[in-house]
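Please consider the following model together with its sequence.

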Amino acid sequence: MSFTVSDAVLARLEKLKDKLDKEGQNLELYLDHLYESDYVNYWDYINLDALLSLQHPRTKYPDEKTFIIYHQITELYFRLIRNCIELIADEKNLSAEFFIKQMKRVNNYFRHLTDSFSIMYEGMDREQFLAFRLALMPASGFQSAQYRMIEIYSTDIHQLVSDSKRNELKTETDIEKLYAHLYWKQGATELETGKKTLTLRQFEDKYDSGFLLSIDKWKSKNLFRKYESLSAEGLNNSELKNVLREYDQLANINWNLIHYRTAARYMERKPTDIAATGGTNWQKYLPPRFQRIIFFPQLWTDDEMKNWGSN
Ligand code: HEM
């Protein structure tokens, strides 16, 4: 059998040979490899079998699978959010346009997370939830390292200090000192003893050193700093201000409110009736009006910050 190789195919072969020659590789062997290779298929490409084997309920209640899968979905969205912020942080000549494009994607992801929280709010039976959650203690979404990383990526570490200490520590530069007073460390204290919860202690053991390194690495390239580093034109770009404000609102009010309302739906009869899996005083910890976490204080008025999460 003979066939003619068109000029177009020849040109591609020459291009490929050029590339391989430069790297000391052999064209014939590469063509053999190509011949032996399988076509890509959907299930292998997205690792479907592995993905569907990652749910290991601890109880017999079917709704526990919904609970696990939705947490996994959220973590994947967190990964998408981190990807966009990493692109902004690593962009050498950051323009307002690029900043806006990536932040619109981030906001889209957070909107999806907020809207889809109904899967938690109405997608499980209360009785099943209250039964299977007992088998999960002291694990809590509180221990989501990606959630904390998104905060570290987004703002200056001073903005994550607990509200009661934020003013006092506003000129503190020692990262370890600031870290000890982050709002979530302060929030995770046992209702009765005031000691750190086991949930927090486990989380600290696993992630403290990594978080401290990340805080140092991100202190000059988080979104707050990246915005501040723009030219006057970028700083005054009203579309950019709006997407950053929207991000602050989605990440620090809207998601928190639907999450808090979901906790209340399952766990509130009388206050303190049902303790949180992580042991926090969750009614006083979760609502955004108590946490008052604000990534971009320079973009809000004093009044807006005072009433954060109240409307
Ligand atoms: C029925 C569903 C849920 C309930 C009842 C619930 C309840 C709670 C409670 C009570 C806390 C306070 C910490 C503690 O003591 O445990 C908390 C924290 C947290 N949960 Fe959930 N949660 C639910 C679903 C989720 C989901 C799907 C995620 C997604 C990853 C999540 C992520 C978080 C995070 C990140 C925190 C820490 C928030 C902060 O520090 O401000 N939760 N949750």
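**Cavity, pocket and ligand site**

The largest cavity holds about 60 Å³ of space. On a 1 Å grid over the protein atoms alone, a cavity is a set of points where a 1.4 Å probe fits but cannot get out, whereas a pocket is an open set with protein on both sides within 12 Å along at least five of seven lines; lining residues have an atom within 4 Å of a point. Grid points are joined across faces, edges and corners, and a volume is the space filled by probe spheres set on the points. By this rule there is one cavity of 30 Å³ or more. Its lining consists of Phe110, Tyr147, Ile150, Glu151, Tyr247, Ala251, Asn252 and Phe295, and the elements that contribute two or more residues to this lining are α9 and α16. Classified by residue type, the lining has six nonpolar, one polar and one charged residues.

The model is predicted: local features need pLDDT of at least 70, side-chain atom pairs count only at pLDDT 80 or more, and totals for chains, interfaces and linings use all residues. Residues are numbered from 1 along each chain as its sequence is written, and side-chain values use heavy atoms, with hydrogens and water left out.

The largest pocket contains about 1,500 Å³ of space. Two or more residues of its lining come from each of α5, α9, α16 and α17; helices (H or I, at least four residues) and strands (E, at least two) are DSSP runs, numbered from the N terminus. The lining comprises 48 residues, and Phe67, His71, Ser140, Gly141 and Phe142 lie nearest the pocket centre. Helix α5 provides the largest share of this lining, ten residues. In composition, the pocket lining has 27 nonpolar, 16 polar and five charged residues, where Ala, Val, Leu, Ile, Met, Phe, Trp, Tyr, Cys and Pro count as nonpolar, Asp, Glu, Lys and Arg as charged, and the others, Gly among them, as polar.

Histidine 259 belongs to helix α16. His259 (NE2) is the single protein donor to the iron atom of the ligand, at 2.1 Å; donors are N, O and S atoms within 2.8 Å of the metal (3.2 Å for Na, K and Ca), and water is not among the atoms, so sites may look incomplete. An N or O atom in the side chain of histidine 259 also lies 2.9 Å from a nitrogen atom of the ligand.

Two backbone features remain. The peptide bond from methionine 137 to proline 138 is cis, with omega near 0°, and proline 138 is placed in the loop between α8 (126-132) and α9. Asparagine 47, although not a glycine, has a positive phi of about 55°; asparagine 47 is found in the loop between α3 (42-45) and α4 (48-51).

Key: Polar contact = N/O pair within 3.5 Å; in protein donor to acceptor, adjacent residues only side chain to side chain.
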